[in-house]
Amino acid sequence: MHPSLPDSRSTGLDRRCALLGTFGLMALASTHAGAAPSPRKKPPEVWPHASQVPGGVARLSLGPAARRPKAFSGDVPLLVVGDAIEWTALVGIPLAAVPGEASIAVRYEGGNEKQIAYTVSPKQYREQRLTVPPRTVDLSPEDEARYERERAHLAAVMATFTDLRPDASLQMRVPVPGRRSSSFGLRRVFNGQSRNPHSGMDIAAGTGTPVLAPLPGRVIDTGDYFFNGGTVWLDHGGGLLTMYCHLSRIDTKVGDVLKTGEQLAAVGATGRVTGPHLHWSVMLNRAMVDPALFIAA
């Protein structure tokens, strides 16, 4: 018998299979190479957003600790959030802060203390020129005396510091719908005279529009003030306060506890204004900071 020879039909089939296998592997490799990478989950947003500029907020890590550390800017207590795995100090940076190095003091349970440094970057705010009644710029002796009395009273209000609720969320809802008519930090010029920068966010809205609480809070002050007109202050805990000005009506009283979205007042045009709107300020460790850092874009 002749030695067996390979069947030509079988050999052709084997070659075709081998070629198909090669092309399949090449196509598979090409598909994987060209495929878009699986989308990565965005890290959860934190509130307030960090912005280490005058009028902004610094978020400083304090590390792990069994109990909430205490943090201070000078002798002013700071808001500390987090848990035993990671604590964070939230530092309100005053509009008048000089850019450069700054620090806070941290005290841990057991007596340990340390300093944490951070850098304040410069920021140039725009200028806004407004025309208002002359008596609200060049004050009479009587109005000056009233303003000084009100300033002393409000200094005590702004020093309020109570415990923050453990489950507190610091993302705020905007207290009234409307167009932002004046942003935080604008350098104000009234009747040609420079005055303090704008310490809040102005939202254009008609007189009578309900003003709603942006977070749970307790009413700590109400009144009719020379510059601010009808005013309400809310305490949200940990030195985080909010202020609502130029109100036409106040629907709450000192001591009332509000939930997010509950009505506290109505928009008006009282005090030093050019028309009806809500002036909304956010204060953190006695420094007015940009409300935009606490709200969704």
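**Exercise 1. What percentage of the 297 residues in the protein chain is made up of buried residues?**

Solution. The structure under study is a predicted model.
Step 1. Buried residues account for 42% of the 297 residues in the protein chain.

**Exercise 2. Describe the secondary structure of the protein chain and the sequence range of its contacts.**

Solution. 
Step 1. The protein chain contains two helices and 20 strands.
Step 2. Consider contacts between residues at least 6 apart in sequence; of these, 66% join residues at least 24 apart.

**Exercise 3. Is Thr88 buried or exposed, and which residues does Thr88 contact?**

Solution. 
Step 1. Locate the residue: Thr88 lies in strand E5, which covers residues 86-92.
Step 2. Apply the cut-off, by which a residue is buried under 20% relative accessible area. Thr88 has a relative accessibility of 14%, and therefore counts as buried.
Step 3. When neighbours within four places in sequence are left aside, the contacts of Thr88 are Arg59, Leu60, Leu62, Leu79, Val80 and Val81.

**Exercise 4. Carry out the analysis of Exercise 3 for Val120.**

Solution. 
Step 1. Val120 belongs to strand E7, residues 113-120.
Step 2. The relative accessible area of Val120 is 4%, so this residue is buried.
Step 3. Not counting residues up to four places away in sequence, Val120 touches Gln52, Val53, Pro54, Ile93, Val98, Pro99, Gly100 and Ala102.
Step 4. Examine one of these partners, Pro54. Val120 and Pro54 are 66 residues apart along the chain, yet their C-alpha atoms are separated by 7.0 Å.

**Exercise 5. Which members of the largest nonpolar core touch the most other members, and which elements give two or more residues to this core?**

Solution. 
Step 1. The largest nonpolar core has 33 residues, of which Val211, Leu240, Tyr244, Leu264 and Trp280 touch the most other members.
Step 2. Two or more residues of this core come from each of strands E4 (79-83), E12 (201-204), E15 (229-235), E16 (240-250), E18 (263-267) and E19 (277-284). Strand E19 gives the largest share, four residues.
Step 3. Take Leu264 as an example. Beyond its neighbours within four places in sequence, Leu264 is in contact with Val211, Leu212, Ala213, Val232, Leu234, Tyr244, Ile250, Asp251, Thr252 and Leu258.
Step 4. A second, separate core has 17 residues, among them Ala58, Trp87, Ile104 and Tyr118.

Note on methods:
Residues numbered from 1 in each chain as written. Predicted model: local features only at pLDDT ≥ 70, side-chain atom pairs only at ≥ 80, totals over all residues. Heavy atoms only, no water. Buried < 20%, exposed > 50% of the residue type's maximum accessible area, 1.4 Å probe, protein only. Contact = heavy atoms within 4.5 Å. Core = buried A, V, L, I, M, F, W, Y, C linked by side-chain atoms within 4.5 Å.
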